[in-house]
Amino acid sequence: MEAFVSEVGRAVVIPNDNINTDIILPKQFLKNILKTGFGKDLFYDWRYNTDGSLNEAFELNKPEHKGASILITGNDFGSGSSREHAVWALTDYGFRAVIGGGFSDIFYMNSTKNGLLPIVLPEENRKILRGIQADETIQIDLPEQTVTYKNNIFHFDINSQWKEKFINGEDDIDNTMKYEKLISAFEKQRPNFG
């Protein structure tokens, strides 16, 4: 997992509430487990017209939002099925963080395990962030647990263990491997029943 200490990036605002995982990445795109190649299908039903052409009115398709790394959204983001592919689509597209009013529990955990920082901020903070222009940036400082936009600094909470994993770029396997010597010692002392 790529380390996340801070991010200074442009943002895209999709303020809708209740964006579920089928909207984030429709089921017909769940055909591989490689964690890559999903970005082009992110928000497929909103990004493309029925004939397959780009929906020019959708925020992600606007040229000024190309390269944005922060998504600002509404409440209850990532509800629905537990598909990890939805997080993979967001990271493959280039998002490093999603700022919302809340996340489904499974989506939140999938995000923390795949390097996408989910940040919960109240509506009054997100209302200010929704005013961001395409050429402006937001700074996220994970050690300080702050989101800064212009002269506004918003604090967010995150579990200290997840915070450490992000900062160190460690996923669950990396964390387990820290205990390799202890695991090996335990395995050596176990009786062999084979």
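A word on the ground rules. This is a predicted model, where local features need pLDDT of at least 70 and side-chain atom pairs count only at pLDDT 80 or more, while totals for chains, interfaces and linings use all residues. Residues are numbered from 1 along each chain as its sequence is written, and side-chain values use heavy atoms, with hydrogens and water left out.

Let's begin with the strands. Helices (H or I, at least four residues) and strands (E, at least two) are DSSP runs, numbered from the N terminus. We say that two strands pair if DSSP finds at least two bridges between them.

Please find the open sheet with the order β1-β6-β7-β8, which has four strands and antiparallel pairing. Which strands are at its edges? They are β1 (6-9) and β8 (152-155), and each pairs on one side only. On average, neighbouring strands here are turned by 15° against each other, direction ignored. For angles like this, axes are lines fitted to C-alpha atoms, for helices over the stretch in contact, and angles run from 0 to 180 degrees between N-to-C directions.

Now walk across that sheet with me. β1 is joined to β6 (residues 138-141) by four bridges, and the two run antiparallel. Gly9 has Ile138 in β6 as its bridge partner. Next, β6 and β7 are antiparallel and share three bridges, with Gln139 partnered by Thr148 in β7. The hairpin of β6 and β7 has four residues between the strands, and Gln145 takes a positive phi near 55° there. Then β7 (residues 146-149) pairs with β8 over four bridges, again in the antiparallel sense. Thr146 has His155 in β8 as its bridge partner. β7 and β8 also form a hairpin, with two residues between them, and Lys150 in the turn has a positive phi of about 55°.

On to the other sheet. How do the strands of the open sheet β2-β3-β4-β5 pair, parallel or antiparallel? The pairing of these four strands is parallel. β2 (11-14) and β5 (117-120) stand at the edges with a single partner strand each, so one side of each has no neighbour in the sheet. Neighbouring strands of this sheet are turned by 20° against each other on average, direction ignored. Four bridges link β2 with β3 (residues 70-73), running parallel, and Val12 stands opposite Leu71 in β3.

Now for two helices. α3 (residues 85-93) packs against α4 at an angle of about 50°, with the axes 9 Å apart. That makes α3 oblique to α4, because angles under 35 degrees count as roughly parallel, over 145 as roughly antiparallel, 65 to 115 as roughly perpendicular and the rest as oblique.

A cavity is found on a 1 Å grid over the protein atoms alone, as a set of points where a 1.4 Å probe fits but cannot get out, and lining residues have an atom within 4 Å of a point. Grid points are joined across faces, edges and corners, and a volume is the space filled by probe spheres set on the points. How many cavities of 30 Å³ or more are there? The count is one. The largest cavity has a volume of about 50 Å³. Its lining includes Met1, Trp162 and Asp171. α4 (105-113) and α6 (160-168) each supply at least two lining residues, and α4 gives the most, with three.

Methods
On a 1 Å grid over the protein atoms alone, a cavity is a set of points where a 1.4 Å probe fits but cannot get out, and a pocket is an open set with protein on both sides within 12 Å along at least five of seven lines; lining residues have an atom within 4 Å of a point.
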